[in-house]
Amino acid sequence: MKIDSQAIRGFFQKNERCVEGVYYATSRLLKYVAFSILRNEGRAQEIVMETYLKAWNSSYPKDVSFVSWLCSIAKNLALDDLRKSPSCEELTEDRGSNSSYSTLWEELENLLSPLEFHVLIERAYFELSFKEIASLNQLSSSSSARGIYKRAREKSKASLKEYRP
């Protein structure tokens, strides 16, 4: 997922068109990052909005991709929120009632390590590059991300054959 430098500049200048473009390009990924930590869909959406606000009030480090930087902000905000939460039960209340989380999704979560699951979703669903995945997950290189993705994909294929038509 690549956002050009003109859109990034416009985002920081709060150009409505650029802000919308960045939102549509990144909001699903940011929500996934927050939800994977909080397990509460409503709170994850709030974290997405807080991420954009915090990004506007911060300076963007040019040495990382813009999307990875936004994901890091979302991750840190979600972790801060998790630390402040009075109860873990509150964090999982939305999950059981939400039909968008299928049995297949849950089976993948149980089958794979948390890192394998994140890498698989980030690559297959959000189409992030291996370099972005490595940066987001604090891996040493894109080769590490590629290897984890390959293992996760193979484990998934072998274990989930029953879901194929």
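Which residues of α9 are buried? In this predicted model, the buried residues of α9 are A145, I148, Y149, A152 and S156, and they cover an arc of only 100° around the axis, which puts them on the same side of α9. The protein chain that contains this helix has nine helices and zero strands, so that its pattern, read along the sequence, is α-α-α-α-α-α-α-α-α. Buried residues account for 41% of the 165 residues in the protein chain, and among contacts between residues at least 6 apart in sequence, 61% join residues at least 24 apart.

**Helix α9**

- Helix α9 runs over residues 142-159, and its 18 residues should span 26 Å at 1.5 Å a residue, a value with which the 26 Å between its end C-alpha atoms agrees.
- On the face of α9 turned away from its buried side, the exposed residues are K150 and A158, whereas the buried set includes I148, Y149 and A152.
- An α-helix has 3.6 residues a turn, so residues three or four places apart point the same way.

**Helix α1 and the residues that cover it**

- In α1, which spans residues 5-12, the buried residues are A7, I8, G10 and F11, and these cover an arc of only 165° around the axis, which puts them on the same side of α1.
- The elements that cover the buried residues of α1 include α2, α3 and α4.
- G10, which has its place in helix α1, counts as buried because its relative accessibility is 4%, a value under the 20% limit for a buried residue.
- Leaving aside neighbours within four places in sequence, G10 is in contact with N15 and C18, while the C-alpha atoms of G10 and V22, twelve residues apart in sequence, are 9.5 Å apart in space.

**The pairing of α2 with α4**

- Helix α2 (residues 16-38) and helix α4 (residues 66-84) have axes that come within 9 Å and cross at roughly 35°, and the crossing in which α2 passes α4 is right-handed.
- On the α2 side, the contact is made by V22, T26, L29, L30, V33, A34, I37 and L38, and on the α4 side by F66, V67, L70, C71, A74, K75, A78, L79, D81 and L82.
- Sorted by class, the contact of α2 with α4 comprises 15 nonpolar residues, one polar residue and two charged residues.
- V22 of α2 takes part in this contact with α4, and V22 is also the residue whose C-alpha atom lies 9.5 Å from that of G10.

- K14 lies in the loop between α1 and α2 and, just after α1, takes a positive phi of about 60°, although K14 is a residue other than glycine.
- With a relative accessible area of 48%, K14 is partly exposed.
- R39, in the loop between α2 and α3 (41-56), likewise has a phi near 60°, a positive value in a residue other than glycine.
- R39 counts as partly exposed at 22% relative accessibility, because the limit for a buried residue is under 20%.

- S58 has its place in the loop between α3 and α4 and is partly exposed, with a relative accessible area of 29%.
- Not counting residues up to four places away in sequence, S58 touches F12 and W69; S58 and F12 are 46 residues apart along the chain, and their C-alpha atoms are separated by 9.4 Å.
- L136 is placed in helix α8 (residues 130-136) and is buried, with a relative accessible area of 8%.
- Not counting residues up to four places away in sequence, L136 touches S68, C71, S72, K75, E122 and L128, and C71 and K75 also belong to the α4 side of the contact with α2.
- L136 and E122 are 14 residues apart in sequence, and their C-alpha atoms are 9.6 Å apart in space.

How values were computed:
Residues numbered from 1 in each chain as written. Predicted model: local features only at pLDDT ≥ 70, side-chain atom pairs only at ≥ 80, totals over all residues. Heavy atoms only, no water. Axes fitted to C-alpha atoms, helices over the stretch in contact; angles between N-to-C directions. Helix = DSSP H or I, 4+ residues; strand = E, 2+ residues; numbered from the N terminus. Left-handed = near helix turned anticlockwise from the far one by under 90°. Contact = heavy atoms within 4.5 Å. Nonpolar A, V, L, I, M, F, W, Y, C, P; charged D, E, K, R; others polar. Expected span 1.5 Å × (residues − 1). Buried < 20%, exposed > 50% of the residue type's maximum accessible area, 1.4 Å probe, protein only. Arc of directions from axis to C-beta.
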